[in-house]
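Thanks for coming, everyone. Please take a look at the structure on the screen, and then I'll walk you through some loops and pockets.

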Amino acid sequence: MSTTALEHRLYAAADWYDSESLLTDDERHILARLRDFLSQEAKPLLADYWERGEFPEQLVQPLIDLNLMEPFEAPARGIYHGFRIFELARTDASLATWYTAQAGLFRTAIRVGASEPQQKEWMPKVIDFSLKGVFSLTEPDHGSDIAGGLSTTARFDADLDGGSWVLEGAKRWIGGASTADVLCVFARDVADGQVKAFLVDRTAPGVSLAKIGGKTSLRMMQNAHITLENVRVPEAMRLHNVNSFKDVAAMLRAMRSDVAWIATGIQAGAFEAALAYVNERQQFGRPLGSFQLVQEKLARMLGNITASISLVVRLTEQQSSGIYRDQDSALAKMQTSLFMRETVALAREVVGGNGITLASDVARFHADAEAVYSYEGTHEINALIVGRALTGASAFTR
């Protein structure tokens, strides 16, 4: 393919998989519109806001106005949703995480956990962002062991306000909580020991939020520590299809798929920034990109990206056909995150000392990759999910 032809493709040099052929003309048009917005409006702000540890709130409404969640009359295809995440992450991991908090995590909670009447009422508001929510599962002392260790409690009181739940506990690392309308809180029912889910008004009495500071990764994303003290939630705000952790696990299958797309997009962003740099930077009288060792690293990066795209595309096609298996999404998240770690490290290497400054973009991808490597299941947890499927024996500790 000629250089001119590559320049007119959406993903150019990072797309040896030929993802372009998987998208319709309408999908490419919307993704190109998103690309223009991210390039012209978002990218100039990122280094400054990343260093300040603040989210560029002026991008929120324009992003919502792009109508990316369901831009077509018919439901959007899974492959479009995947490349929407890829495009956001290719620009910035915090932007991708912020958007998928609503379009992925919260929407999945409603789609899987809400009853049909609840979905009819809430889903249109989720899609147009008039009901903003966040997925509140992780706790201060429970992350990887949350299935058995979840300690936030819910107690039903039939005499309270005509029948309400009382929540006690804490949640941590909840991204976007400070600007959400509701918190989708998972708590253990003291009556039967099973996990239930509740939409909790962020401003309800007994709810307090504290920003988690001092982060060295995803600095723009605002993560919160949430404390729940005697918080009352009416039965109507309980997600009626969540009655055990198995129901939560069904949500996590889809969410890990989204994170695999984020990990793939981060690789593409880091690679493209590094490639542009080495083609421009002169050392020893030659462009850096003309040296053998630099080209070897570029080839490894592209190999990682191409393998990751292969994984996430196949997973998305499988899930679009109705096949959802824990081991598939776990494998995709695990492997794309491994590839991501190596790719951003190689990108930082070829950019040299400038790779630790925000001016190169590579530094931002390099730092943010560490958060993505861990969330929605660490490498070890996802590996054990795959191992359990392979051997039939669970190696999780109890």
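Let's start with Asn67, which sits in the loop between helix H3 (60-65) and H4. Keep in mind that this is a predicted model. The phi of Asn67 is near 55°, a positive value in a residue other than glycine. Most residues other than glycine have a negative phi. Is Asn67 buried, partly exposed or exposed? Asn67 counts as partly exposed, because its relative accessibility is 37%, between the cut-offs of 20% and 50%.

Now Phe284. It is in the loop between strand E8 (282-283) and strand E9 (286-287). Phe284 is not a glycine either, and its phi is positive, about 55°. Phe284 has 78% relative accessibility, so it counts as exposed.

On to the pockets. The largest one has a volume of about 1,500 Å³. Other elements supply at least two residues each, including helix H5 (93-113) and strand E3 (164-175). By class, the lining of the largest pocket has 23 nonpolar, 16 polar and 9 charged residues.

The second largest pocket holds about 520 Å³ of space. Of its 22 lining residues, Gly78, His81, Arg111, Asp258 and Tyr324 are closest to the centre. Helix H4 (78-91), H5, H8 and helix H9 (292-320) each supply at least two residues here. The lining of this second pocket divides into 8 nonpolar, 9 polar and 5 charged residues.

Technical notes. Residues numbered from 1 in each chain as written. Predicted model: local features only at pLDDT ≥ 70, side-chain atom pairs only at ≥ 80, totals over all residues. Heavy atoms only, no water. 1 Å grid on protein atoms, 1.4 Å probe; cavity = no way out; pocket = protein on both sides within 12 Å on 5 of 7 lines; lining within 4 Å. Points joined across faces, edges and corners; volume = space filled by probe spheres on them. Helix = DSSP H or I, 4+ residues; strand = E, 2+ residues; numbered from the N terminus. Nonpolar A, V, L, I, M, F, W, Y, C, P; charged D, E, K, R; others polar. Buried < 20%, exposed > 50% of the residue type's maximum accessible area, 1.4 Å probe, protein only.
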